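User: I'm new to this one. Could you take a close look at the aromatic rings for me and walk me through what they do with each other?

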Amino acid sequence: MSVSTLLSGFALLSLILHRAVAQSGIICVDPVPLILENESPLTLTFTRKQGTSGTITATYTISSLSATTADYGGSPTGTITMNDGETTASLDIPITDDSLMEPTEQFRFILSGANVGPDSNVLISIQDDDVYSPWSQWVDGTCTTTCDPGTKTDTRDRTCVSPFTNLCVQPLTDTRTNPCNLGDCTVITEWTTWADDGSCSATCGPGIQSQVRNRTCSGICPGNFMGMEARNIDCNEGPCPVITEWTAWADDGSCSVTCGLGIQSQVRNRTCSANCPANFMGTETRTVDCNNGPCPVITEWTAWADDGSCSVTCGPGIQSQVRNRTCSANCPANFMGMETRTVDCNNGPCPVITEWTAWADDGSCSVTCGLGIQSQVRNRTCSANCPANFMGTETRTVDCNNGLCPTSGWSKYNRWTGRGWHGRFGRHHSSWTRWTGSGSSPSSGSGWSGWSSWSNGGLCMSNCRQIYLRRRSCPRGHCSGGSLQRFYKRCFTNSHCRRYRYYG
């Protein structure tokens, strides 16, 4: 193979490698400024140039010069890698801050490899910070404007404390620029109109009214700026009201209870003329104790009791009933001590009373001959629940005549004797007697027994006469004359006879 052929192949290979490097790029280390011992760590930055495709790697080496590994830390060798698309990387190198006063120390950082650019070697200088005093506090500068935004330059100082003044190569004065604003420029508004400040010093009549007006100042206001101004003017709230004295307390309504202890509401009033205070009260109330005396004691109602009789004596009717209670003193006006009601009552089925039967003789005529008295009777019946005064039998006497009596042995009847009476029909006898035998007294005769006592012979008749009788018997059976004597006496036991005036 000729030399020309080898040179051509080598050139082609170099071109291919250059294109590959051009596509992936190269790694360069950025310049490093002077670093102080107290500014650890030192951050090295790397930039990828001429391409961003794929991953590229470079090897680094830290080479000591006047600085030793006691002045810096970290591994003396390593790699810097940038992945596909990455364009920057960084590496921190610790710096040792000792207390020794030393001259500036140096070491070198070197990149190597196929992907390294021309900026692959940097000299790093470490300046001893112990040759300077600490920085002073920042001193504010003067704002470039008196109002509105401006700038100011602040300063701080330090001194060189090293006996080797050649070591103090850094500035001893530092500055910074900051924005400043001493406030908005002055803008003062016009005074507002006067306005009342509070109320008139008097609620009525003449008084003093305080008024104020205002203005504002923005920005930097003058030292004698007044934002408020006050004045006093006359005011008059009209004539003063006339408020009367309170009236005496008076009851408002009734006691809360009608008896015992309770509460009584009372009220009093006053009046006010025009321009009365907003809080004026014309009426005031209070409550006081009241006592209407001991409460009444009302007993329980008694049991219902019949009041009178059933409205009918038989069959269904109405029965009035009543119950009572009592109340002690201070009774309610509507208290009722008695209460009534009506209930149904039934005294059983009503009695059925038949009509009177016809009058019938009861026994024989009182004499066997001549005029006599005949007792008669009639009857009626009553079913259950009959009246207490029910009479089932009624009797009466009527005249009877059994013919003329034989005349032998007897004289004629002697005249009637007795006392008379007056009625509306003229003079009548109220009592009279005639004898049915002869002689002055028919009390005895041959074969007769003695007369019995006179007895009432019946009811008072409609002619106001009542018969009295006496009898005798004939034990031997051979007597002549009558066995019965009678006389009539005036009577007043029926209503007809009571209408006539008796006289003696």
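Analyst: Here is a walk through the aromatic cluster and the strands around it.

A quick note before we start: this is a predicted model, where local features need pLDDT of at least 70, side-chain atom pairs count only at pLDDT 80 or more, and totals for chains, interfaces and linings use all residues. Numbering runs from 1 along each chain as its sequence is written, and side-chain values use heavy atoms, with hydrogens and water left out.

The structure holds 3 aromatic pairs (rings of Phe, Tyr and Trp, the last by its six-membered ring, with centres within 6.5 Å; planes under 30 degrees apart are stacked, over 60 edge-to-face, the rest tilted). Phe46 and Phe109 make a tilted pair, because their planes sit at 45 degrees, with ring centres 5.8 Å apart. Phe46 belongs to strand E3 and Phe109 to strand E7 (residues 105-112), so this pair bridges distant parts of the chain, 63 residues apart (strands are DSSP runs of E, at least two residues, numbered from the N terminus).

Phe109 also pairs with Tyr60, and this time the rings are stacked: 5.1 Å centre to centre and 25 degrees between the planes. Tyr60 is in strand E4 (residues 56-64), so its pair with Phe109 in E7 ties together parts 49 residues apart in sequence. Put together, Phe46, Tyr60 and Phe109 form one aromatic cluster.

Methods: Helices (H or I, at least four residues) and strands (E, at least two) are DSSP runs, numbered from the N terminus.
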